[in-house]
Amino acid sequence: MRRPTPLIVLGGIGLVLAAVVGWAFYEGSAAGLEHRKGGLQQVTSTPVGTDAVSDLFDVNLRSSRGSVVHSMVRVPRRGSPPYPGVVLVGGMEMGRRVAALRGLDAIARYALIISPDYPVQVERRSLEGLGLLRAGPRLRSAAFDLVAHVGLQVDYLLSRRDVARDRIFLVGSSFGAPAVVIAGGVDPRPAAVITLYGGGDIGSLVSHVLRLGGGDAISPWQAAVAGRGLALLLLPLEPTRYAARISPRPVLMVNGASDSLIPRSNVDASLRGGAAAQGHPVGQGEHVHPDETELIGAVSGWIAAWLAKRGLLPPEAALEE
């Protein structure tokens with residue numbers, strides 16, 4: 001029996017690699033993410049309280065693909081519907097609870113907000129050093145699911161009679177920033193996209209975060225390997241590939257001038273990707289945290305005024321700045 005020639009072996013390997021790469025990029029395409037999302041099949045809603053400006057609900061969205069997205073919905077108590085609709089994706093630790101932050105009142109008094117839980121919960125210790133690579137496949141699947149879930153939440157907003165179909169926008173903070181850029185790039189329905197304290201070039205950003213949090217426990221080369229390895233897994237979801245697709249719809253970027261978690265080079269990477277269609281106010285200070293009500297209130301005021309000037313919130317919202 002003759003052995004296959006090296007050229008045939010190499011050709012076979014090339015075809016396999018091409019198929020793998022092709023499938024990966026299909027997953028990150030509009031068609032691939034729409035397939036992963038499926039259709040909105042069932043909604044269950046439970047009242048969980050009120051605050052000064054809103055009624056709060058725990059809402060579960062079931063997709064025809066079988067996934068269930070646990071969410072929180074915040075409905076204005078004043079004003080007249082239809083309201084603008086907001087999909088808000090916060091940091092991984094807050095999940096759906098980010099919708100209830102008091103600092104968001106500048107937006108919540110005018111718009112209906114929905115926020116999802118993350119598709120996966122990973123202990124911080126398991127992400128230290130090269131452990132990030134071991135968690136890579138789970139994180140990869142969760143990243144695709146999160147983007148698909150943003151689209152499912154847009155489906156939910158459009159299903160409500162009290163939401164204005166032409167005034168839906170996406171807001172993503174920290175880990176949620178890349179998700180809304182990608183979702184906005186593949187989905188034409190959101191009228192605007194807003195990113196808070198996020199950046200592009202996943203490989204260098206992850207390497208930086210690992211090095212920053214690892215201290216002496218992780219060397220620069222280990223951080224670089226882990227960061228680039230995860231970036232390779234997430235290659236179809238590099239946000240700079242999607243940012244320009246949002247145009248001509250407006251994009252707002254807000255970043256901290258002294259943010260040690262998101263280096264300026266990663267902010268600039270997002271700008272090179274085309275995400276700065278309408279400018280990017282840069283606030284002073286470090287990376288925003290959920291307990292910084294005053295800072296969140298200031299940022300919400302900037303956003304409310306920016307949206308009001310573009311007709312996506314009522315004119316009185318411009319006074320929130």
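View 1. At 14% relative accessibility, Asp155 counts as buried (buried is under 20% relative accessible area, exposed over 50%, partly exposed in between, using a 1.4 Å probe and protein chains only). Before going on, a word on the model: it is predicted, so local features need pLDDT of at least 70 and side-chain atom pairs count only at pLDDT 80 or more, while totals for chains, interfaces and linings use all residues. Residues are numbered from 1 along each chain as its sequence is written, and side-chain values use heavy atoms, with hydrogens and water left out. Which residue does Asp155 meet in a salt bridge? The partner is Lys37, at 2.6 Å from N to O (a salt bridge is a side-chain nitrogen of Lys or Arg within 4 Å of a carboxyl oxygen of Asp or Glu). This pair links distant parts of the chain, with Asp155 in helix 5 (residues 136-159) and Lys37 in helix 2, 118 residues apart. Helices here are DSSP runs of H or I with at least four residues, strands are E runs of at least two, and both are numbered from the N terminus.

**View 2. Lys37 and Glu34 within helix 2.** Lys37 also forms a salt bridge with Glu34, and their closest N and O atoms are 3.3 Å apart. Both sit in helix 2 (residues 30-37), three residues apart, or about one turn of the helix. An α-helix has 3.6 residues a turn, so residues three or four places apart point the same way. Lys37 is buried, with a relative accessible area of 6%, whereas Glu34 is partly exposed at 44%.

**View 3. Asp55 and Arg77, another of the salt bridges.** The structure holds 11 salt bridges, and here the side chains of Asp55 and Arg77 meet at 3.8 Å, N to O. Asp55 belongs to strand 2 (residues 54-63) and Arg77 to the loop between strand 3 (68-76) and strand 4 (83-89), so the pair ties together parts that are 22 residues apart in sequence. Asp55 is partly exposed at 26% relative accessibility, and Arg77 is partly exposed too, at 47%. Elsewhere, salt bridges that share partners join Glu34, Lys37, Asp155, Asp187 and Arg189 into one network.

**View 4. Inside the largest nonpolar core.** A nonpolar core is a set of buried Ala, Val, Leu, Ile, Met, Phe, Trp, Tyr and Cys residues joined through side-chain atoms within 4.5 Å. The largest one has 37 residues, and Val87, Leu157 and Leu170 have the most contacts inside it. Helix 5 gives the most to this core, with nine residues. Setting aside neighbours within four places in sequence, Val87 is in contact (heavy atoms within 4.5 Å) with residues including Ile114, Val150, Leu157 and Phe169.

**View 5. Strand 4 and its two neighbours.** How many of the residues of strand 4 are buried? Seven of its seven are. Strand 4 pairs with strand 6 in the parallel sense over six bridges, where pairing takes at least two DSSP bridges between two strands. Three bridges join strand 4 to strand 5, also running parallel. Gly85 has Ile168 as its bridge partner in strand 6 and Leu112 in strand 5.

**View 6. Helix 10 from end to end.** At 1.5 Å a residue, the 17 residues of helix 10 (residues 293-309) should span 24 Å, and the end C-alpha atoms are 24 Å apart, which agrees. The expected span is 1.5 Å times one less than the number of residues. Among the buried residues of helix 10 are Ile296, Val299, Trp306 and Leu307. Just after the helix, Gly311 takes a positive phi of about 75 degrees.
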